[in-house]
Amino acid sequence: MVDETAFRHTREDINRLPCVFERALLARHATCELALSHQIAERESIACTQAAAHQACSRMSQLLREKSSFALHLTATQRILPHVMMMKIQCGGLDGLKALLDADAAAPQIDRLLRLAQERYGDLAALPFSEIVQGVAAWKARRRHHGAPR
């Protein structure tokens with residue numbers, strides 16, 4: 001069994017720029033050419049290889065959470081969200097962004113989507129979030145198959 005404190009310290013040492021959309025990448029829901037995977041104590045951690053891209057992803061994540069709050073019935077006081085809610089925001093938000101900017105792509109490609117967003121809209125805050133949030137509202141977690149290990 002791994003000591004969680006030791007794991008977190010090792011992860012912080014190895015992964016200086018943790019991927020903002022790590023959950024979506026680990027779920028294989030999206031891809032990113034700037035993502036670098038690390039294996040730590042039989043777990044996978046994903047780092048970003050570019051500080052500027054990390055900053056753009058952080059801004060996008062913040063905007064997605066903010067703009068999705070009404071659709072997800074969240075209050076401003078909810079600082080820590082359950083895993084399924086974060087997955088809904090990340091995966092659904094990336095789906096909404098893909099539908100808006102790169103509908104023909106097989107899966108959301110995070111770095112490409114953010115570059116396209118900045119090219120077309122200038123500031124990420126100028127994106128039509130009413131359209132993007134539809135992806136958040138529509139996203140559903142995959143159901144486990146009967147007999148699958150828990």
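Which residues does F21 touch, not counting residues up to four places away in sequence? The legends below begin with that residue.

View 1. F21 touches C57, M60, S61, L64, Q90, L94 and I110, where contact means heavy atoms within 4.5 Å. The model is predicted, so local features need pLDDT of at least 70 and side-chain atom pairs pLDDT 80 or more, whereas totals for chains, interfaces and linings use all residues. Residues are numbered from 1 along each chain as its sequence is written, and side-chain values use heavy atoms, without hydrogens and water.

**View 2. Packing of helix α3 against helix α5.** Helices α3 (residues 51–68) and α5 (residues 110–121) pack at about 80°, with axes 11 Å apart; axes are lines fitted to C-alpha atoms over the stretch in contact, and angles run from 0 to 180 degrees between N-to-C directions. The two helices are therefore roughly perpendicular (65 to 115 degrees). From α3, A53, A56, C57 and M60 meet I110, D111, L114 and Q118 of α5.

**View 3. The buried residues of α3.** A53, H54, A56, C57, M60, S61, L63, L64 and S68 are buried in α3 (under 20% relative accessible area, 1.4 Å probe, protein chains only). The buried residues of this helix pack against β2 (43–48), α4 (83–101), α5 and α6 (129–138). Helices (H or I, at least four residues) and strands (E, at least two) are DSSP runs, numbered from the N terminus.

**View 4. The largest nonpolar core.** This core has 38 residues, being buried Ala, Val, Leu, Ile, Met, Phe, Trp, Tyr and Cys residues joined through side-chain atoms within 4.5 Å. Helix α4 gives the largest share, seven residues.

Notes:
Angles under 35 degrees count as roughly parallel, over 145 as roughly antiparallel, 65 to 115 as roughly perpendicular and the rest as oblique. Buried means under 20% relative accessible area, exposed over 50%, partly exposed in between (1.4 Å probe, protein chains only).
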